[in-house]
Amino acid sequence: MERVAIIGVGQTKYERQKTEDSFADLVYEATTKAMADAEITIEEIDNVVTISNDFWDGRTISSMAVMDAAGAANKNASTVEGDGTFGALYGLMRILSGSYRTTLVVAHSKSSMGSLPIITNSMFDPIYYRSVGLDGISSAGLQARRYMDKYLVTEEDCALVSIKNHHNAKANPYAQLATELTVEDVMSSRALAEPIKLWDASPISDGAAAIILACENRAKKSAKKPAWVKGVGYCADAYYLGDRDLAEMDALSTAAKKAYSMAGITEPFKEIDVVELYDAFSYQELMWMEGLGFCDRGKAAKLVQEGVTQRQGSLAVNPSGGVLSAHPVLTAGLARLAETALQLRGEAEERQVEGAKTALAHGMNGSCGQGHCVWVLSQ
Amino acid sequence: MVQQAESYKVLSGRIKLPYQWTVGATGSKFFTELRDHKKIWGTKCPECKKVFVPPRKTCGTCFVDMGEWVELRPTGRLETFTVVHYHEPALHGMEPPFVYGIIKLDGADTGIAHYIGEVKDLESVKSGSRVEAVFREQREGSILDIKYFRLIG
Amino acid sequence: MSEKQELLVLKSKTTEMPYHWSVGREGAKFLQELRDNKKIFGMRCSKCGKVYVTPRRVCGPCFTPIKEWVELKAEGTLEAFSIVNYKFIDPNTGDIRPVPYTYGYIKLDGADSTLSHVVSITDSSKLRAGMRVKAVFNEERHGSLKDIKHFEPINGK
Amino acid sequence: MGQRVGIVGVGQTHHRSRRKDVNGIELINEAVQRALEETGLTRDDIDAVVIGNMDHFEGINYVDMWSVEGAGAIMKPIMKVTTGGTTGSSVAISAYHHVASGLFDVVLAIGWEKNSESDTTGGIITCSDPIWDRDYYAGAIPSLAVEASAYMKAYGVTEKDAARVSVRDRKNALRNPFAHLRREVTVEEVLSSPMLSYPIKLLDICPRTDGAAAVVFASESVAPKLTRQPAWVNATSVSHSYTYFGDIDYTSISSLEIASKDAYQQAGITDPFRQIDVIELYQPYSFAGLKWIEALGLCEPGEAPQLVWDGVTDLEGELPINPSGGVLSTNCIGATALLRVGEAALQIMGKAGERQVDAKVAVATGFGGCYWSDVMILGKEPR
């Protein structure tokens, strides 16, 4: 694969409700920040990929609303759904195909705008599933229970993830929920869909993120240290929840294997220094760590207990505070990529993982982690 | 809920469109059997031999049409469940706390997502529990013709 | 399967999806002026000089932030129009939208882009592209584009 | 540089106003199975899938995830591309980049819509800005009417001229077993059909359709093994400017001018009328069959009616346009632009059956969003 790198990143602060800004305004903020970061002009951006979702945006062809704000006028632009990692993949392909040199990828999310239960209920097929009324949280409850039953993971194990990530968020100026919690705080928080409680769940967030991808020639001249893309993989499992063993994550393992083989990684736990993954719920961080091959099934909780995944640990997971501390749905994956780029540059400030040379960013699509996207990046 | 800002700052509105979702011949057979005979049918893949409930026209993995219908008993095993503690009237009429489960019917290889009803003690719901379907009196040809599953034995 | 399989269609029960769209600072100022002072403001791009009547933070072609406000007259030219005379569901209400009505693109004096709104008359013989029209404001205004009741022809022009 | 890419197979459903016998997933599966059959591939041979539609037409969120069983994407990479009317061409262009990038060798592009499942105009209205446009916007017809009126006024074009375009496309559809509307119409019928919004009448405008299309893209190392004559992708271009409806100049389809010029340059086309052999135009209404072929540079402004009356764009003419019957005969929106690409590919591959014309270079276009245009050029020779 030809070498491609992230040469600029921009994020807004993630907040519960950004009343003053339309979602196009958020796109403009993230875009201009990424351009400033890369020290690049809009003329030098030769194509744009935006991330939109017509349900979350309350608008058909929602990408139409952000074309001006993304600087896409008179450029080849396209739009991908998902959490931003999939859109970034398309941006990557457009460079690898030899068609473009620099892709701006920008995602926005105003999760505060719509009804989260109704929008997530709309993920379920209208014939067999939707009328039962499942939504993003209750379906996750089904998965959490299955995973915890099968691998004897406890609610306290999950609480440790929540404690770590909300603590990490204190070092991240973009994060929304930064606080010190105890196991007791998490355990006694309001039950949503057992075993998921309020502090096991991510918040509703507004915010945007942008990255600029560049071909090797351009990246070599980059103002900031490029974060090189070493491997990518993505994969989708079966759709109906009842078709899958919800404790397993074959799609994630497949995506990770692909990304690792491209990146030449054989021992992910040893070779990867920092991980930003899509922890929409505390249990998911444990599951995805296992799916990513950092440990055997059911053993992630032990790594968390031992502090291995702390920012100072040997495998820092979500030093940004992760999705648990800010969950702008359509942006959250791209934010993971932006954070890993900052880590590899050594510019993650208070949340910097020392000596981070190789990083992994993870994104997700659909309910209960049906689809996954894995990126491996290095200095 | 979001804060109510002045209308000139935040426009409150809605998207309200009517939908008529086509069930298709395979799903229609499933629903009419449920409605007319209180029977649950699945489809069986001729290649991998998996029995899909709810039924599908095509096996998504083997990518062949599944012509064979298999009648299932209304009993099965609770694969997983969750007790829901919030109220969402836009989505269903259930009062919290109530229980969702994924039920694998005897003889089926896939699960069905549904309510677990008649639960007197929430602690009694366990993964692996035996359950049976309870049908509605008034059935209209939808997945809700099964009122819920209840614990047995 | 029997050859006479009845084919079912499921009608949606939950069709209403509520949204709270942020107008953005610029749009909010526009709507506030409309509501409080019956004034229509445009925004001028400092680079290309274009005056946009739909307020916005950035000029798309120039990719330059727009800061300057320009008060516009509440009258202008009907650039183009179309008499809508077919039935469809209005997604704002879920019901059939009343027709006929005249959908028009109005270029307010001093603006370079158009505003889409309704024109008061539906008689095609009395409408022509290029005719002069003015905004008629509602007495009760709530801070939305509906504070303009409609545009109507300016007599004799 | 990336690898060269060719289309090796096309599958589509028999398009209908309402397919009550299949749900959306099953509809998609029909097109996918046909595309696989056509290429002699199995599901295992597909490396990745790209899919698109417009969410609010069926009310299904995360369609890529929902569709996997029908799309053949279980345990495979799948991505959803969404750009409104241009979705089908955006999906095709995305599939091209998937393969050209070198990450994949065989990629399936899927476009679909089940327009019978909701109110199409109501769904389209939700594409307008909720604050600035949605209260009065009435779908695409009024803005197209504006374009048509301005065009008629500028060049003395008549409603009858446009009717001739409808007559051509509906006649061509008779030769396409997959087309939705397969009944010939006369100029008189078009002119006397109900007026929707002057000058657009019922028979000037596209129908709404249930249907799906699946197109297989393959790399240069694989494509020649799968088919005798791949349809090589010679150019792709996109013009998606504009955010607000009020900014658009409805009297010119500048996006198509920009996109086609760009595509011609990539494909080495300097004289489009001579060098292009067949066009599948995303033509949502009859007047576009005149004005937009001028935008494509086939003739001077105002000359299109004569070209059409002279039969030049008929199936037997020098430059056939819409041999498939086009959008006026079939319009399953998310599939519509992909069908243009698929039909253009069938013409290059020599697999267009009764609607086959002699073609070395074919052009497919997409239209949608804020007057956006996409162009893809396919050829017998790779570039």
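In this predicted model, 33 residues of chain A are in contact with 37 residues of chain B, where contact means that the C-beta atoms of two residues, placed from the backbone, lie within 7 Å. Chain A also meets chain D, through 50 residues of chain A and 48 residues of chain D. Residues are numbered from 1 along each chain as its sequence is written, and chains are lettered from A and ligands numbered from 1 in the order in which they are written. Because the model is predicted, local features need pLDDT of at least 70 and side-chain atom pairs count only at pLDDT 80 or more, while totals for chains, interfaces and linings use all residues.

**Chain A against chain B**

- The elements of chain A that give two or more residues to the side touching chain B are helix 4 (116-121), helix 5 (136-151) and strand 5 (191-193); helices (H or I, at least four residues) and strands (E, at least two) are DSSP runs, numbered from the N terminus.
- Helix 5 of chain A gives the most to this side, with six residues.
- By class, the side of chain A that touches chain B has 16 nonpolar, 11 polar and six charged residues. Ala, Val, Leu, Ile, Met, Phe, Trp, Tyr, Cys and Pro count as nonpolar, Asp, Glu, Lys and Arg as charged, and the others, Gly among them, as polar.

**Helix 5 of chain A**

- Helix 5 of chain A has 16 residues and spans 22 Å from its first C-alpha to its last, close to the 22 Å expected at 1.5 Å a residue; the expected span is 1.5 Å times one less than the number of residues.
- Of the 16 residues in helix 5 of chain A, 13 are buried, so this helix is largely enclosed by the rest of the structure. A residue is buried if 20 or more other C-beta atoms lie within 10 Å of its own, exposed if 12 or fewer, and partly exposed in between, with C-beta atoms placed from the backbone.

**Chain A against chain D**

- On the side of chain A that touches chain D, two or more residues each come from helix 2 (54-57), strand 3 (76-80), helix 3 (85-96), strand 8 (227-236) and helix 9 (250-263) of chain A.
- The residues on this side divide into 24 nonpolar, 18 polar and eight charged.

**Helix packing in chain D**

- Helix 5 (residues 87-100) and helix 16 (residues 333-349) of chain D pack at an angle of about 55 degrees, with their axes 5 Å apart. Axes are lines fitted to C-alpha atoms, for helices over the stretch in contact, and angles run from 0 to 180 degrees between N-to-C directions.
- That makes helix 5 of chain D oblique to helix 16 of chain D; angles under 35 degrees count as roughly parallel, over 145 as roughly antiparallel, 65 to 115 as roughly perpendicular and the rest as oblique.
- The residues of helix 5 of chain D in this contact include Thr87(D) and Val91(D), and those of helix 16 of chain D include Leu338(D) and Arg340(D).
- The contact of these two helices has seven nonpolar, five polar and one charged residues.

**Chain B**

- Chain B has one helix and 10 strands, in the order β-β-α-β-β-β-β-β-β-β-β from the N terminus on.
- The radius of gyration of chain B is 19 Å, whereas a compact globule of 153 residues would have one near 15 Å; this radius is taken over C-alpha atoms, and the globule rule is 2.2 Å times the number of residues to the power 0.38.
- Buried residues make up 48% of the 153 residues in chain B.

**Chain C**

- Chain C comes to one helix and 12 strands.
- With a radius of gyration of 20 Å, well over the 15 Å that the globule rule gives for 157 residues, chain C is more spread out than a compact globule.
- Of the 157 residues in chain C, 41% are buried.
- In helix 1 (residues 25-37) of chain C, the buried residues include Phe30(C), Leu31(C) and Leu34(C). The buried residues of helix 1 of chain C pack against strand 3 (40-44) of chain C.
- Tyr19(C) lies in strand 2 (residues 16-22) of chain C and is buried, with 21 other C-beta atoms within 10 Å.
- Not counting residues up to four places away in sequence, Tyr19(C) touches Gly58(A), Met113(A), Gly114(A), Gly13(B), Arg14(B) and Ile15(B).
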